[in-house]
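Please look at the model below and read the briefing beside it, one topic at a time.

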Protein chains: 2
Amino acid sequence: MEKKLEELKTRLLEANDLTMASAVLNWDQTTYMPPGGAAARGRQMATLGRLAHEKFTDPATGKLLDELQPYVETLPYDHDDAALVRVTRRQYEQQTKVPGDLLSAFLEHSAESYQVWAKARPENDFTAVAPYLEKNIDYSRQIANCFPGYDHIADPLIDFADQGMKAESVRALFAELRQELVPLVQRITAQSEADDSCLHQPYPENKQLAFGQKAIEAYGYDFTRGRQDKTHHPFMTKFSWGDVRITTRVKENDLSEALFSTLHESGHAMYEQGVAQIYDGTPLGGGTSAGVHESQSRLWENQVGRSRMFWQHYYPQLQAMFPEQLQGVALDTFYRAINKVQRSLIRTDADEVTYNLHVMIRFDLELDLLEGKLAVHDLPEAWHGRYQHDLGLHAPDDRDGVMQDVHWYAGTVGGVFQGYTLGNIMSALFFNQALRAHPEIPTEITQGQFGTLHRWLKQNIYQHGSKFTANELVEQITGAPLTIKPYMQYLYGKYGELYAL
Amino acid sequence: MEKKLEELKTRLLEANDLTMASAVLNWDQTTYMPPGGAAARGRQMATLGRLAHEKFTDPATGKLLDELQPYVETLPYDHDDAALVRVTRRQYEQQTKVPGDLLSAFLEHSAESYQVWAKARPENDFTAVAPYLEKNIDYSRQIANCFPGYDHIADPLIDFADQGMKAESVRALFAELRQELVPLVQRITAQSEADDSCLHQPYPENKQLAFGQKAIEAYGYDFTRGRQDKTHHPFMTKFSWGDVRITTRVKENDLSEALFSTLHESGHAMYEQGVAQIYDGTPLGGGTSAGVHESQSRLWENQVGRSRMFWQHYYPQLQAMFPEQLQGVALDTFYRAINKVQRSLIRTDADEVTYNLHVMIRFDLELDLLEGKLAVHDLPEAWHGRYQHDLGLHAPDDRDGVMQDVHWYAGTVGGVFQGYTLGNIMSALFFNQALRAHPEIPTEITQGQFGTLHRWLKQNIYQHGSKFTANELVEQITGAPLTIKPYMQYLYGKYGELYAL
């Protein structure tokens, strides 16, 4: 068994090396690659992706998994070997159950669909993308149907990113959340808008970057195992346990852009840096789900990085770095500015309170599309109707309506959006639990110290990598299933005080 | 045949994608990778290298080559298809004739040998490396013996890097060169040393980089298909026709370090950027030999970049950029400084005139080692003897004697050093021929224009990639075999004037 386990790990490591190499090529493409490199780079990454897939889905992998099954059934659930075989089998099935022909046809279609969307969006031409979207929905259904036995056609798609979550349970959770959020947003936006002009002054780029890097170093992001570069869209990427990088985008006239994207990506990165080193190069060696990943980026961005506690320590330092811009701006003014709530049309620009409304609209609509309850030609109106109802807004066009996000046009319809809001819900759940275990955390944060919080997260979440699912982690940590209560308590507490509700 | 050719190209492209991906990982490793990434990165590169080798040496490749042979035999020598099959077969044989076991054993040994050398050199402990060197010589002989039919045991090793060159012909060429160089160096170094103190002042790094980049942009290095970064050792690397990068190293107190390494690497890079785009991703899509490659780096570094013509145009700009450092320094003083000749112990620090003496000492000694005429324990004394004779110097130890270069300790003994001096010889040969074809080139250089020269090189050398060997290029361009005459004329002309010989 020892030998078979080693053989499995060797096979997995080879596939992993190819995947990680492709990630390096992608990082280079978005950071430093000269324009002339684009054509060959796309092909090189496709080659690496194809070979990684071939290596991973080699029938020999499946055979080894079968041979190891009797052994791991004798082990406790949380034994490393049991977890390795369990998680590898799950990924193996995900990658082998979709026939190669279907996968290729889908990838080819979605590449084309993306091109059409990129052209049609600025032209506000939904008619152009509609047939592609219809086909994407059809492919999404076909892919889901490769995993029979589901309750809802979206379940297999959701399960890819957020194992164990199901359309019905997520829908119920989201309905509850919406019931709380819609009136909260109404009460907040009935008041006068917060003044965030202090954030919109010229802030030199190098100082913005220096400040963000200092903050995340204090958080616990390990720069000897990572680095930060600039890209068009911020992201986190991992090449190995020892090399987990983040990127950011700087706007000279918007202090929040680089700062909060840095704090956000550092959360993703600390999760990956915190996975037990022995899992590196195996399917256990990464964050367990989209939702849990997002819970960490949001925790460090919002629960910590937009808290009064954090800025009690850091605001004087920020003022010292930007005296011209912030000398006359009180901490309270700054704190209100970075937590400004406003109804807006664009998801990616939304604040902490309204953000989930955007996500949940998409989630409900994609379920309707997959179920066949909503036809593509009725989608724009359904979109506007929901925005009117939930956010009290009506987009002037489809460009900033149903065409604003790339997701549906360049991938499956279904399976992605829920992770963002699940992440927000879990961020409060986990933060709350860390505070219960260590009531000294808030005081530490006001002193610019994050060690206790970071250690708790590492101990309870990060180190496990993909060993436990999101639901298992939530059960282990809180002793109960996922609930929105701590998240709503957090929002009511923070925004109740800010807006004297 | 069309189909078989396509199949061959597809196979080659896949191997090429893996090799290029590995080059990206290597570039990243030397430029931006955080220290924590090192362990996994080594393994990832090894995986890519192994898979590229597997893909390239797949028997299916050999079968396709055999099937295509009758077809290409009907084609003229310089037909693209004929060249593709010819050059691919050569590489295929190089990679398949050495048994896998021998190759692995050699690579493992040389990795260990490198570690031992890296430790032993600072400790001046030749005894520690001697047994490893002996084994490296033995492996080098074994590898050479995989290619029977040679005249000299070093021939197959030389042929890897400089196809068509042989130990005896190179030895004869070098003997001729040494006969000219030894007295020339004696005559120059009998005079008082040039004053190069103007180069050793504080020069801010960013300005040094800006100046070098401006110069190579004028040369014709295409920054939309390349970029420059900083590394510990300067190098050129290629990821595709559209992405050919260079690196440099900056010393604040030595203006020549970054400047001339930039000009040098730009020559390598313009060669690769100039290869016909249709060859990209095939064995034709790269420079043809180590010697021809070096001829281009040396041509742009020395024939152009250390010429009075070049500085007639650029020196006023350099002075304007560094007024404090160079205001009072005359062009002639600067020109003498960048062409200072001195006898020195270290090859990599050597000037244009003495450099080849260092190389030829190594070449002769490695032939003696391979032939068994010289034993490893007699090598240090042989080294000192040759340095005394050729350069009039005696190293105080082995650290700066026989242990100064990594080559013999981390690779084959034989097959590498000759390329440096062949490159110098060819650089003058090609430059001379370009000037014959276009007598306006010197005037253009004094005006900071390099288009005619660059076009001539592209037309006659770069575009062909690996289609022709070094000897074929020399024959095509000069109508005669390789000769040292233009190189000695160049040195006599330039240094005769500088030192009033």
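This is a predicted model: local features need pLDDT of at least 70, side-chain atom pairs count only at pLDDT 80 or more; totals for chains, interfaces and linings use all residues.

- Strands of a sheet pair through backbone hydrogen bonds, and the pairing can be either parallel or antiparallel.
- The parallel sense is found between β1(A) and strand β3 (residues 243-248) of chain A, which pair over three bridges.
- A:Asp229 has its bridge partner in β3(A), namely A:Thr247.
- In chain B, the antiparallel sense is found between β2(B) and strand β3 (residues 243-248), which pair over four bridges.
- These two strands, β2(B) and β3(B), form a hairpin that has two residues between them, and B:Ser240 stands opposite B:Asp243 in β3(B).
- Is β2(B) enclosed or open to the outside? Five of its five residues are buried, so β2(B) is largely enclosed by the rest of the structure.

**The two chains together**

- How many residues does the contact take from chain B and from chain A? The contact takes 29 residues from chain B, while chain A gives 30 residues.
- On the side of chain B that touches chain A, α1 (2-31), α2 (38-56) and β2 (236-240) of chain B each supply at least two residues.
- Sorted by class, that side of chain B has 14 nonpolar residues, together with eight polar and seven charged ones.
- Two copies of a chain are related by a rotation about an axis and a shift along it.
- Here, chain B is superposed on chain A by a rotation of 180° with a shift of 0.1 Å along the axis, and the RMSD is 0.0 Å; the two copies are therefore related as by a two-fold rotation axis.
- Within chain B, the C-alpha nearest this axis belongs to B:Ala21, at 3.5 Å from it.
- The same surface serves both copies, since 100% of the contact residues of chain B recur in chain A.

**A pair of packed helices in chain B**

- Two packed helices are described by the angle between their axes and the distance between the axes.
- Helix α18 (residues 418-437) and helix α22 (residues 485-498) of chain B pack at an angle of about 85°, with their axes 7 Å apart, which means that α18(B) is roughly perpendicular to α22(B).
- From α18(B), the residues B:Asn424, B:Ile425, B:Ala428, B:Leu429 and B:Asn432 meet B:Pro486, B:Tyr487 and B:Tyr490 of α22(B).
- By class, this contact of α18(B) with α22(B) has six nonpolar and two polar residues, and no charged residues.

**One residue of chain A**

- A:Arg187 is located in helix α8 (residues 167-189) of chain A, and because it has 13 C-beta neighbours inside 10 Å, A:Arg187 counts as partly exposed.
- Although A:Arg187 and A:Gly496 are 309 residues apart in sequence, their C-alpha atoms are 9.9 Å apart in space.

Definitions and conventions
Residues are numbered from 1 along each chain as its sequence is written. Chains are lettered from A and ligands numbered from 1 in the order in which they are written. Two residues are in contact if their C-beta atoms, placed from the backbone, lie within 7 Å. Ala, Val, Leu, Ile, Met, Phe, Trp, Tyr, Cys and Pro count as nonpolar, Asp, Glu, Lys and Arg as charged, and the others, Gly among them, as polar. Copies are superposed by least squares on the C-alpha atoms of residues with pLDDT of at least 70 in both. Two strands pair if DSSP finds at least two bridges between them. A residue is buried if 20 or more other C-beta atoms lie within 10 Å of its own, exposed if 12 or fewer, and partly exposed in between; C-beta atoms are placed from the backbone. Axes are lines fitted to C-alpha atoms, for helices over the stretch in contact, and angles run from 0 to 180 degrees between N-to-C directions. Angles under 35 degrees count as roughly parallel, over 145 as roughly antiparallel, 65 to 115 as roughly perpendicular and the rest as oblique.
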